[in-house]
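Here are my comments on the model you sent. Please read them with the coordinates open.

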Amino acid sequence: MKPWLNVGEAAEYAGLSRDTIYTACERKELRHVRVGGRRSIRLKPEWIDAWLEQHARGAQDGRAGGHGSIHGGVS
């Protein structure tokens with residue numbers, strides 16, 4: 001596994017869309033770094049795992065982080 005993933009690789013790793021990854025980064029829900037100013041986003045697999053675990057715990061507890069779903073939609 002690569003130590004740093006781009007958005008497309010992160011989406012594939014998580015089984016989500018690129019838009020979901022971008023949205024989570026914009027909302028500062030998903031830890032990430034920007035390379036070259038604001039040009040490209042890089043994420044570590046363990047950051048994605050932690051974010052997914054947080055949402056899984058929130059869903060089990062009946063509180064999905066206040067955003068309705070991992071996709072940011074209204075449930």
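The points below go from the overall fold to the helices and then to single residues.

1. Overall fold. This is a predicted model, and the comments should be read as such. The secondary structure comprises 3 helices and 2 strands, arranged along the sequence as α-α-β-β-α. Of the 75 residues in the protein, 25% are buried. Among contacts with a separation of 6 or more, 48% join residues 24 or more positions apart.

2. Helices H1 and H2. H1 covers residues 7-14 and H2 covers residues 18-26; their axes come within 8 Å and cross at roughly 105°. An angle of 65 to 115 degrees counts as roughly perpendicular, and H1 and H2 are therefore roughly perpendicular to each other. On the H1 side, the contact is made by Val7, Gly8, Ala10 and Ala11, and on the H2 side by Arg18, Ile21 and Tyr22. Sorted by class, these are 5 nonpolar, 1 polar and 1 charged residues.

3. The buried side of H1. Val7, Ala10, Ala11 and Ala14 are the buried residues of H1. They lie on the same side of H1, because the arc they cover around the axis is only 100°. The partners against which these buried residues pack are H2, S2 and H3.

4. Length of H3. Helix H3 runs over residues 45-60, which is 16 residues. At 1.5 Å a residue the helix should span 22 Å, and the C-alpha atoms at its ends are 22 Å apart, so the two values agree. After H3 comes glycine 62, with a positive phi near 80°.

5. The buried side of H3. Which residues of H3 are buried? They are Pro45, Trp47, Ile48, Trp51, His55 and Gly58. Their arc around the axis is only 165°, which means that they sit on the same side of H3. The cover over these buried residues includes H1, H2, strand S1 (33-35) and strand S2 (40-42).

6. Leucine 30. This residue is in the loop between H2 and S1. Is leucine 30 buried or exposed? The cut-off for buried is under 20% relative accessible area; leucine 30 has 2% and is therefore buried. Leaving aside residues up to four places away in sequence, leucine 30 touches Ile21, Ala24, Cys25, Leu43, Trp47, Ile48 and Trp51. Of these contacts, Trp47, Ile48 and Trp51 are also among the buried residues of H3. Between leucine 30 and tryptophan 47 there are 7.2 Å from C-alpha to C-alpha, at a sequence separation of 17 residues.

7. Lysine 28. Lysine 28 also belongs to the loop between H2 and S1. Its relative accessible area is 74%, so lysine 28 is exposed. Phi of lysine 28 is positive, near 60°, and this residue is not a glycine. Please look at lysine 28 in the coordinates with that phi value in mind.

8. Leucine 52. Leucine 52 is part of helix H3. With a relative accessible area of 25%, leucine 52 is partly exposed. How far is its C-alpha atom from that of alanine 14? The two C-alpha atoms are separated by 8.0 Å, although leucine 52 and alanine 14 are 38 residues apart along the chain. Alanine 14 is itself one of the buried residues of H1.

Definitions and conventions
Residues are numbered from 1 along each chain as its sequence is written. This is a predicted model: local features need pLDDT of at least 70, side-chain atom pairs count only at pLDDT 80 or more; totals for chains, interfaces and linings use all residues. Side-chain values use heavy atoms; hydrogens and water are left out. Axes are lines fitted to C-alpha atoms, for helices over the stretch in contact, and angles run from 0 to 180 degrees between N-to-C directions. Helices (H or I, at least four residues) and strands (E, at least two) are DSSP runs, numbered from the N terminus. Angles under 35 degrees count as roughly parallel, over 145 as roughly antiparallel, 65 to 115 as roughly perpendicular and the rest as oblique. Contact means heavy atoms within 4.5 Å. Ala, Val, Leu, Ile, Met, Phe, Trp, Tyr, Cys and Pro count as nonpolar, Asp, Glu, Lys and Arg as charged, and the others, Gly among them, as polar. The expected span of a helix is 1.5 Å times one less than its number of residues. Buried means under 20% relative accessible area, exposed over 50%, partly exposed in between (1.4 Å probe, protein chains only). The arc is that of the directions from the helix axis to the C-beta atoms.
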